[in-house]
Amino acid sequence: GSEATSRGAFLTCEWYNGKYGTSIRLLGLDQDNSLARERAIVMHPAWYAAPDMIAKQGKLGRSEGCFAMAPTDFNEALWHLSGGRLLFADRISEA
């Protein structure tokens, strides 16, 4: 219920056309993220993840658990991270 991205390993799957345009489906490989497919946790471009929006708002918008990135960065991610690639997510500590 946190709407945060789950930690752990994900397998990138097929492209599809969704709410935010071309997106990449993900399969969660760990116990903590095993419901990623059912929750529709995907990689997608998002206007609210663009650097100018982050600078304006002071933070990245909420993606409800998806891996959202600036549209200009997403095209490169699409080519490098789709179709059976391993994606690993974790937190960065500000210790």
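H44 is found in strand β3 of this predicted model. At 3% relative accessibility, H44 counts as buried, because that value is under the 20% cut-off. Leaving out residues up to four places away in sequence, H44 touches Y20, S23, C66, F67, A68, M69 and F74.

**Overall fold**

- Along the sequence, the elements of the protein chain come in the pattern β-β-β-α-β-α-β.
- The protein chain has a radius of gyration of 13 Å, close to the 12 Å that the globule rule gives for 95 residues, so the chain is as compact as a globular protein of that length.
- Taken along the principal axes, the box filled by the C-alpha atoms of the protein chain is roughly 35 × 35 × 20 Å.
- Of the contacts in the protein chain with a separation of 6 or more, 55% are between residues 24 or more positions apart.

**Surface and charge**

- Of the 95 residues in the protein chain, 38% are buried.
- The protein chain has an accessible surface of about 6,500 Å².
- Carbon and sulfur atoms account for 52% of that accessible surface.
- There are 10 positive and 11 negative side chains in the protein chain.
- The centres of the positive set and the negative set lie 4 Å apart.

- Y20 sits in the loop between β1 and β2.
- At 32% relative accessibility, Y20 counts as partly exposed, whereas H44 is buried at 3%.
- Y20 and H44 are 24 residues apart in sequence, and their C-alpha atoms are 6.4 Å apart in space.
- Not counting residues up to four places away in sequence, Y20 touches H44, P45 and Y48.

**The salt bridge between R7 and D90**

- Side chains of opposite charge can pair when their charged atoms come close.
- R7 forms a salt bridge with D90, and the closest N and O atoms of the pair are 3.6 Å apart.
- R7 lies in the segment before β1 (8-18) and D90 in the segment after β5 (86-89), so this pair ties together parts that are 83 residues apart in sequence.
- R7 has a relative accessibility of 38% and counts as partly exposed.
- Leaving aside neighbours within four places in sequence, R7 is in contact with D32, N33, A89, D90 and R91.
- R7 and Y48 are 41 residues apart in sequence, with 22 Å between their C-alpha atoms.

- R25 and E14 meet through their side chains in a salt bridge, at 3.2 Å from N to O.
- R25 lies in strand β2 (residues 21-28) and E14 in strand β1, so the bridge ties together parts that are eleven residues apart in sequence.
- R25 is partly exposed at 30% relative accessibility, and E14 is partly exposed with a relative accessible area of 33%.
- E14 also meets R37 in a salt bridge between side chains, at 3.1 Å from N to O.
- E14 lies in strand β1, while R37 lies in the loop between β2 and β3 (42-45), so this second pair ties together parts that are 23 residues apart in sequence.
- R37 has a relative accessibility of 36% and counts as partly exposed.
- Through salt bridges that share partners, E14, R25 and R37 are joined into one network.

**A backbone feature at A40**

- A40 is found in the loop between β2 and β3.
- The phi angle of A40 is positive, at about 60°, although A40 is not a glycine.
- A40 counts as partly exposed, with a relative accessibility of 44%.

Methods: Residues numbered from 1 in each chain as written. Predicted model: local features only at pLDDT ≥ 70, side-chain atom pairs only at ≥ 80, totals over all residues. Heavy atoms only, no water. Helix = DSSP H or I, 4+ residues; strand = E, 2+ residues; numbered from the N terminus. Rg over C-alpha atoms; globule rule 2.2 N^0.38 Å. Buried < 20%, exposed > 50% of the residue type's maximum accessible area, 1.4 Å probe, protein only. Contact = heavy atoms within 4.5 Å. Areas by Shrake-Rupley, 256 points an atom, 1.4 Å probe, with all protein chains shown as cover. Lys, Arg positive; Asp, Glu negative; His and termini not counted. Charge placed at Lys NZ, Arg CZ, Asp CG, Glu CD. Salt bridge = Lys/Arg side-chain N within 4 Å of Asp/Glu carboxyl O.
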